[in-house]
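Please open the structure in your viewer and keep the selection tool at hand.

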Amino acid sequence: MVETQPLRRRTNTGPGRLLIAVYLLFAIAATSRAGLQIATKFDEAPVAYLLSALAALIYIVAAVGLARSGHTGRRVALACCSVELVGVVAVGILSLVDRDLFPDETVWSQFGSGYGYIPLVLPVLGLIWLWRTRRDPA
C-alpha cells in the first residue's frame with residue numbers, strides 16, 4: 001500500500017482571490033508612488049524611495065506567488081510575506097525612533113500608517129492564508 005501526502009489546498013481560491021487583489025492594488029500604488037518619487041525628487045530621500053520600490057516589487061512577486069498556487073508559488077509567496085513582515089516592522093520601528101533616517105515616508109513608514117496600516121496587516125494575512133491552505137485536512 002502506497003501512503004500519500006494530503007493534497008495542498010490552492011491559495012488562489014476563495015479568500016485567496018481577495019488577498020491577491022489587495023496585493024495587486026498595493027503593487028500598483030507602491031509602484032506609482034515610488035516611480036514618481038524616484039523620477040522627481042530622488043535626491044531628497046533616496047533610501048525612502050528605494051524602500052517603496054522594494055515594497056512594490058515584493059507586492060508584485062507575492063501576488064504572483066499566491067496566484068500560481070503550486071509548490072513554487074507557495075514558497076515564493078511565503079518568502080515575500082515573511083520579508084514584507086520583517087521589513088514593515090523594521091522600517092516602522094526605525095521611522096518612529098529616528099525620523100531623520102527617513103526624511104520622506106515610505107510605504108512601510110510608521111507601520112504603513114499612510115495606507116491605513118494595511119502594509120502591516122497584509123503579510124500577516126498572507127502568512128495565515130498560506131498556513132491555512134498548507135494541506136487538506138485528512
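How many aromatic pairs does the structure hold? The structure holds three aromatic pairs; rings of Phe, Tyr and Trp (its six-membered ring) pair if their centres lie within 6.5 Å, and planes under 30 degrees apart count as stacked, over 60 as edge-to-face and the rest as tilted. This is a predicted model, in which local features need pLDDT of at least 70 and side-chain atom pairs count only at pLDDT 80 or more, while totals for chains, interfaces and linings use all residues. Residues are numbered from 1 along each chain as its sequence is written, and side-chain values use heavy atoms, with hydrogens and water left out.

**The aromatic rings**

Select Phe 26 and Tyr 59, an edge-to-face pair with 5.8 Å centre to centre and 75° between the planes. Phe 26 lies in helix 1 (residues 15-41) and Tyr 59 in helix 2 (residues 46-68), 33 residues apart. Helices (H or I, at least four residues) are DSSP runs, numbered from the N terminus. Both Phe 26 and Tyr 59 are buried; buried means under 20% relative accessible area, exposed over 50% and partly exposed in between, with a 1.4 Å probe and protein chains only.

Tyr 115 is in the loop between helix 3 (71-97) and helix 4 (118-132), 89 residues from Phe 26.

**The salt bridge**

Which residue forms a salt bridge with Lys 41? Select Asp 104, whose closest N and O atoms with Lys 41 are 3.4 Å apart. A salt bridge is a side-chain nitrogen of Lys or Arg within 4 Å of a carboxyl oxygen of Asp or Glu. Asp 104 lies in the loop between helix 3 and helix 4 and Lys 41 in helix 1, so the pair ties together parts 63 residues apart in sequence. A search of the whole structure finds one salt bridge. Asp 104 is partly exposed at 21% relative accessibility, and Lys 41 is also partly exposed, at 26%.

**A last selection**

Finally, select Val 61, which lies in helix 2. Is Val 61 buried or partly exposed? Its relative accessible area is 31%, so Val 61 counts as partly exposed.

Methods
Helices (H or I, at least four residues) and strands (E, at least two) are DSSP runs, numbered from the N terminus.
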